[in-house]
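Work through the exercises below with the model open. Each task is followed by a stepwise solution.

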Amino acid sequence: MSTVVKDTHHDEHPSGIMRWLTTTNHKDIGSLYLWFSLIMFFIGGLMALVIRSELFQPGLQFVDPQFFNSMTTMHALVMIFGVVMPAFTGLANWMIPIMIGGPDMALPRMNNYSFWIMPFAFSMLLSTLFMDGGAPAGGWTLYPPLSLQTGDAFPFLIFAIHFMGLSSIMGAINIVATILNMRAPGMTLMKMPLFVWTWLITAFLLIAVMPVLAGGVTMLLTDKFFGTSFFNAAGGGDPVMFQHIFWFFGHPEVYILILPSFGVVSAIIPTFARKPLFGYSSMVYATASIAFLSFIVWAHHMFTVGMPLAGEVFFMLATMLIAVPTGVKVFNWVTTMWRGAMTFETPMLFAIGFIVMFTIGGFSGLMLAITPADFQYHDTYFVVAHFHYVLVPGSVFAIMAAVYFWLPKWTGNMYPETLGKVHFWLSTFFVNLTFFPMHFVGLAGMPRRIPDYSLQFADYNMIASIGAFGFGFAQLIFVYLIFKTIRGGEKATDEVWEGAEGLEWTLSSPPPYHSFNTPPVIK
Amino acid sequence: MKDNKLNMGTVKKLVFICVFMFFFSFALIPLYNIICDVTGLNGNTSNLKEKANTFSEVVSSEKLNIQFISHEVNKNKLEFKPKEFEMIISPGKVYSTVYVATNKSKSKIIGQAIPSVSPNEAAKYLKKLECFCFEEQTFKPGEVVELPLYFAIDEKMPKRIKTITLSYSFFEAIEVSKKN
Amino acid sequence: MNFLNLKKVSLLIALGLLSLPAHAGWLDLNMPKGVTDISNEVYGLHMLILYICIVIGVLVFGAMFWSILKHRKSRGVTPATFHESTKLEFLWTIVPFAILIGMAVPATKTLIKMYDTSDSEIHIKITGYQWLWQYEYLNTDVSFYSKLSTPYKEIYNQKEKNINYLQEVDRKLVLPINKKIRFLLTSNDVLHAWWVPDLALKKDAIPGFINEMAVVIKEPGIYRGRCAELCGRHHGFMPIVIEAVEQDEYDQWLANGGKVESTDLASTEK
Ligand SMILES: [Cu+2]
C-alpha cells in the first residue's frame, strides 16, 4: 500500500519518516490507518491467545487471574478501538474521496492529526500493562465500582479513551464534511455507493455517541479522584446509571463497528455477481433505521440489573425490531446473487463468509433479545460467541474482503489468488472452530471473563483454544500476502474486476496521488 | 476558497453536536433521577419529607407486609439493624418503626443510611415523614442509638404488590463528605 | 470447483463437532430445562427461537447456496439485470415482523410470571462480597457465608481435580421444595450477579440497592451456579450451591440453626 504512491506522485512532499508524519494526503493517511490496524490486530490477537492458553485446560496454568482479567479488558479495547474502527477509517480515507469523485478529504490537516493521535493513545493504553496494580482489569465496559479499583493505570486508561474518542470524532467530522461537500457535480446522495452511505451514517453515530462515552468516563474519573458520587450509592449515586450511559454509547458503537462492513459487502457482491445491487434505496433506508433503532435499545445489555417490567418489555421489543432492517439487508444480498453470473475470487469468498456467519451472529442476537431467555444467556459464553460471530467473521472478514477487493487498485498489483483462498478457508474453518463451541459452553453454564472453569466445560474450551491458535497463525498468510502484493506481482488493470462498477475503477491502478483534480462525469 | 467556507460551516455544526452530546451525558444523571423518582426505576425512595396531613384521610382496608432489612459495609465497626423485621400495615396510614445503631468501635462514626425499596415500583409509593436517612448521623464510641422512621404507603399503590422490603445500607461518610 | 469440496469438508467437520463429546452428551450442551415451572418455560422459549432461527437460516442459506451452485459464471449463465421489487421488499419486511410478534407474546407472558414475587413464604437476603456469598434467612437467626471449598492444590494442578471442581462450597444454601422463596440481593462492594441455571434465576447484586426475584423449586436435589458479573480477581471462584430438600428436612435444618454436616465441608485454603 505504501510504496505505491512513491512512483506516481506529482507533488512535492518530504520523504522518509517526515512524509508520514506530515502527510495530508488521503491515501497516505488511509494506508497509515490500515497499517496501524494490522499491527494492533496482532497485539490484540496475542492477548486473545493468552486468554485461550489459560483456558485450554481447567486449572490455573499460565497467568494470575488478575492478569487474565487485564487481558480480556485490553483485548476488547484494542480490538474495538485499535483494530476495527481504525481499519474502517482507513478504508474510508482511501476510498470515499475516490468514490465520490473528489480530490481529497475535506480537511486534510485535521486528517493528519486524527491519525497521529491514535498511536499516542494506544501507547498510553498499552503502557498500563507495566504499571503498579496492573493494566485495567474491570472489563472494557468499565462498570463501577469494580473499574474504580484499578490501580495507577486508571487515569491513563481514561485519558487513552478520551484520545481515542477525540481521534474518531475528528475522523468522523472529516468524513461527513467530505461526503457532504466534496462530491463531484452530478453525484447526488442517492447515487453514492453504499460504502459511502454506510460511512456517512456511521460518522453521525460516532459524532453523537463518542462524546457520551467521554462524558461517562470523565464521571468515573471525578468519582475516583475528586470525590463526586455519580455512580456511588454512598453519596446518593447509582452504579447502574453508569451502565445506562455506557450502553447509550455502547449500542450505537456496535453498529459503528458493523455498518461500514455492510457497505463493503454491498460493493463486493454485485461486482462478482455481475449484477446490480438489489434494492439500493431500501439498503439506505435499512441502514438509517438500524442507526436510529440503535439509540433506543441500549438497556438490552442490562436486563439483569433489575429494571421494571415495562422497561424490560420495551427494550426487548425495540431490540427485536432491529432484526427487520438487518434481515432486509441479508435478503437483498442474497437476491443480488440470485441469477447473477458469479465467480468466487477471495473478496467474494470473504463477503459470502461474512453474510453466512454474520447472520449466525444475528440469530444469536435475536435469541439474546428475548428477555426471559437472556436471563440465562446474559454474561455467559453464549454472549461471547454471539458478539465474536458479528465482529470476527463479521466486521473483520468484511475488512479483509475490502483489502482483497481494493488491494490491486491500491498497489497496482494482483495478489496471489490461491494464497488468498487458502487464507479464507483456513480463517473460516478456525473461526468456527473457535467460536461455535462457545455457544454450547455458554448454554451449559459457563460465565464469561473467568480464568478457570468446572470440568464439564473442558472439551469445548480445548477445541476453542485450538481454533484460536489456528486462526491466529492463518493471519500470517494475510500479512505475507500483503507484503508480496506491494512488492510486485501480476499487473492489475484499471478495472481490476470484470464486473466492477464505480469511480474507483476509472482511475489508474495505482491511482494518482491526488484522486480527481478535475471532477469526473457522473452517468 | 468557497470549499473551505462550506467545510467550516459543516464542521461548526458537527462540533456543536459533539459538545451538545458531551453535556447531554452529564444531563443524563439528573434526567435519570427524575425518571427514577417518577417510575421508581432503581428502587430509590424520594428524599422529600412528606407532610403528615397528606395521609390522615383515606385509610384503605387492604393489608400489606412491609419488611425492614439493613446492610452494613463494615459490621465490626457499626451494627445497624431494624428493631422489627416485619409489619402488617394499611395503605394511607402513618406508622413508625425503629432502627438500632450500635457503634462497636473506639472512634466516632459519621455516616448515612441509603434507602432502597423492592419491588422497585413500590419505591414511589413509600412516603417518609421523618427519617434518619435524610441526614448524616454521628455515633459516639460504644453508643447505642435508636433511630426512628415515620412512614406511610400511598393508597394509590397497585394492589398486586403485597410485600414491600425497605433496605438501608449504611455507608461511612468518608466518601460522602468528600462530595459536598 | 474446490469451493464446493471445501464446503462439504467443513460441513462434515461441523457435524463431527456436534457428535464429539463422548461423555458430555448433547443435553449437557444445551440450556438446562431446570427444576421450576418458569425455567421450563424459559427453556421452551429458547428452543422455540432456536428452531425459528434454524428454519429461517435453512431457507435463506438454502436459496443462497442454490444460487452459488447454479448461478455461476463457469456454467455460462448470463446475469439478470433486475435490481428492484417493492413487492419483495414489502414482503420481507412484513413477514419477519409478524414472526417477531409471535416470539414476543410468549416471551412477555413468561416475563410477567418471572416478575411476580407476591405471596412468597420464605425471604432470603443474598449479599455478594469479593469473593463469597452471604445468605441471611430473614426473620430467623440463620445467617452464614458460603465460599468456594475447592482446595488450592486442585486449582494449581498439584492434585487431581474432583468432579465438582470450582462448583463446591463450604456451606450450601438449603431450600425447601414447593414453597415460594423470595431472594433479596445486594452487594457489599462491587457488582456481582447471582446465577443458578437450573432455577433460571440471574440477577445483579448492586451495592446500596436491593433487587428481588422469586422461585418455586419442584424437585429436591443439588443445584450449582456461579457469579456471573465480573467482580475482580476471584470472579471465577465464587460458586453457588443449593440443596433443595423436602419441607420437614428444611424445618429441621432451620431449627438446628442451619447447622448440618455438609458433605462439601472440605478444607478452605483459598
Ligand atoms: Cu462476584
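**Exercise 1.** How many nonpolar, polar and charged residues does the lining of the largest cavity have?

*Solution.* The model is predicted.
- Step 1: search the whole structure. Seven cavities of 30 Å³ or more turn up.
- Step 2: take the largest cavity. Its space comes to about 180 Å³.
- Step 3: list the lining. There are 14 residues, and Leu34(A), Ser37(A), Leu38(A), Ile399(A) and Phe478(A) lie nearest the centre.
- Step 4: sort by class. The lining has 13 nonpolar residues, one polar and no charged ones.

**Exercise 2.** Assign the lining of the largest cavity to helices of chain A.

*Solution.* 
- Step 1: look for helices that each supply at least two residues. These are H3 (26-54), H4 (65-99), H13 (381-411) and H15 (458-487) of chain A.
- Step 2: find the top contributor. H3(A) gives the most, with five residues.

**Exercise 3.** Identify the donors of the copper ion and classify their geometry.

*Solution.* 
- Step 1: name the donors. They are His192(C) through ND1, Cys227(C) through SG, Cys231(C) through SG and Met238(C) through SD, at 2.1 to 2.6 Å.
- Step 2: read the spacing along the chain. It is H-x34-C-x3-C-x6-M.
- Step 3: Cys227(C) sits in strand E9 (residues 221-227) of chain C, and Met238(C) in the loop between E9 and strand E10 (240-245), eleven residues apart.
- Step 4: check the angles. The four donor atoms subtend 93 to 128°, so the arrangement is tetrahedral. The cut-off for four donors is that all angles lie between 85 and 135 degrees.

**Exercise 4.** Are Cys227(C) and Met238(C) buried or exposed?

*Solution.* 
- Step 1: take the cut-off. Buried means under 20% relative accessible area.
- Step 2: apply it. Cys227(C) has 2%, so Cys227(C) is buried. Met238(C) also has 2%, so Met238(C) is buried.

Methods: Residues numbered from 1 in each chain as written. Chains lettered and ligands numbered in written order. Predicted model: local features only at pLDDT ≥ 70, side-chain atom pairs only at ≥ 80, totals over all residues. Heavy atoms only, no water. Donors = N, O, S within 2.8 Å, 3.2 Å for Na, K, Ca; no water. Tetrahedral: all angles 85-135°; square planar, octahedral: opposite > 155°, others 65-115°. Helix = DSSP H or I, 4+ residues; strand = E, 2+ residues; numbered from the N terminus. Buried < 20%, exposed > 50% of the residue type's maximum accessible area, 1.4 Å probe, protein only. 1 Å grid on protein atoms, 1.4 Å probe; cavity = no way out; pocket = protein on both sides within 12 Å on 5 of 7 lines; lining within 4 Å. Points joined across faces, edges and corners; volume = space filled by probe spheres on them. Nonpolar A, V, L, I, M, F, W, Y, C, P; charged D, E, K, R; others polar.
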